[in-house]
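User: Please walk me through the labels on this model. I'd like to know what each one rests on.

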Amino acid sequence: VQLQASGGGLVQAGGSLRLTCAASGRTFSGYAMGWFRQAPGKAREFVASINWRGDHTYYRDSVKGRFTISRDNAKNTEYLQMNSLKPEDTAVYYCATAPYATNVVDPYTNWGQGTLVTVSS
């Protein structure tokens with residue numbers, strides 16, 4: 001499966017963006033999905049994950065209450081709604097698949113090209 005993330009851009013602090021991760025090549029039903037981000041000079045970090053049924057979600061503490069992960073298996077698409085954005089959310093955001101929802105990087109594969117999110121203060 002190939003993944004393509006989109007929806008990034010420049011937004012002011014307090015604003016919102018919705019990221020989309022579209023899968024092609026084969027269905028991603030059965031896979032958990034995750035969003036990670038990487039800021040310049042920093043390691044890639046977990047943001048959110050969702051199981052394949054979409055009924056269990058996990059978030060890093062700093063985005064809880066602001067970000068919402070969701071998926072539409074019929075459309076082979078995953079979303080990350082980001083509200084109340086902060087300058088520290090600035091990073092390249094990546095989507096990936098995993099056999100189960102987790103906040104650990106290792107199980108994730110099929111990394112898509114990232115999309116840049118820039119939050120100005």
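This is a predicted model: local features need pLDDT of at least 70, side-chain atom pairs count only at pLDDT 80 or more; totals for chains, interfaces and linings use all residues.

**Labels and their cut-offs**

User: Why is Asp 61 called exposed?

Analyst: Asp 61 has a relative accessible area of 64%. Residues are numbered from 1 along each chain as its sequence is written, and side-chain values use heavy atoms, with hydrogens and water left out.

User: How do you know that Lys 64 and Asp 61 form a salt bridge?

Analyst: Their N to O distance is 3.1 Å. The rule asks for a side-chain nitrogen of Lys or Arg within 4 Å of a carboxyl oxygen of Asp or Glu, so the pair passes. Lys 64 itself, at 49%, is partly exposed.

User: How many salt bridges turn up in the whole structure?

Analyst: Six. One of them pairs Glu 45 with Arg 60, at 3.6 Å from N to O. Glu 45 sits in strand β5 (residues 45-50) and Arg 60 in the loop between β6 and β7, so this contact links parts 15 residues apart in sequence. Strands here are DSSP runs (E, at least two residues), numbered from the N terminus. Both partners are partly exposed: Glu 45 at 26% and Arg 60 at 25%.

User: What about Arg 66 and Asp 89: is that pair buried or exposed?

Analyst: Buried on both counts, with Arg 66 at 10% and Asp 89 at 1%. Their side chains meet in a salt bridge at 2.7 Å, N to O. Arg 66 is in the loop between β6 and β7 and Asp 89 in the loop between β8 and β9, so the pair ties together stretches 23 residues apart in sequence. Salt bridges with shared partners also join Arg 37, Glu 45, Arg 60, Arg 66 and Asp 89 into one network.

User: What makes β2 and β6 edge strands?

Analyst: Start with the sheet: six strands, open, in the order β2-β10-β9-β4-β5-β6, with mixed pairing. β2 (9-12) and β6 (57-59) each have a single partner strand, so one side of each lacks a neighbour in the sheet. Neighbouring strands in this sheet are turned by 25° against each other on average, direction ignored.

User: How do you know that β9 and β10 pair?

Analyst: Three bridges join β9 (residues 91-98) to β10 (residues 115-120), and the two run antiparallel. Pairing takes at least two DSSP bridges between the strands, so three is enough.

User: What makes Asn 76 and Asn 110 stand out in phi?

Analyst: Most residues other than glycine have a negative phi. Asn 76 has a positive one of about 50°, and Asn 110 has a positive one of about 55°. Asn 76 is in the loop between β7 (67-72) and β8 (77-82) and, at 16%, is buried. Asn 110 is in the loop between β9 and β10; its 27% makes it partly exposed.

Terms used:
Helices (H or I, at least four residues) and strands (E, at least two) are DSSP runs, numbered from the N terminus. Axes are lines fitted to C-alpha atoms, for helices over the stretch in contact, and angles run from 0 to 180 degrees between N-to-C directions. Buried means under 20% relative accessible area, exposed over 50%, partly exposed in between (1.4 Å probe, protein chains only).
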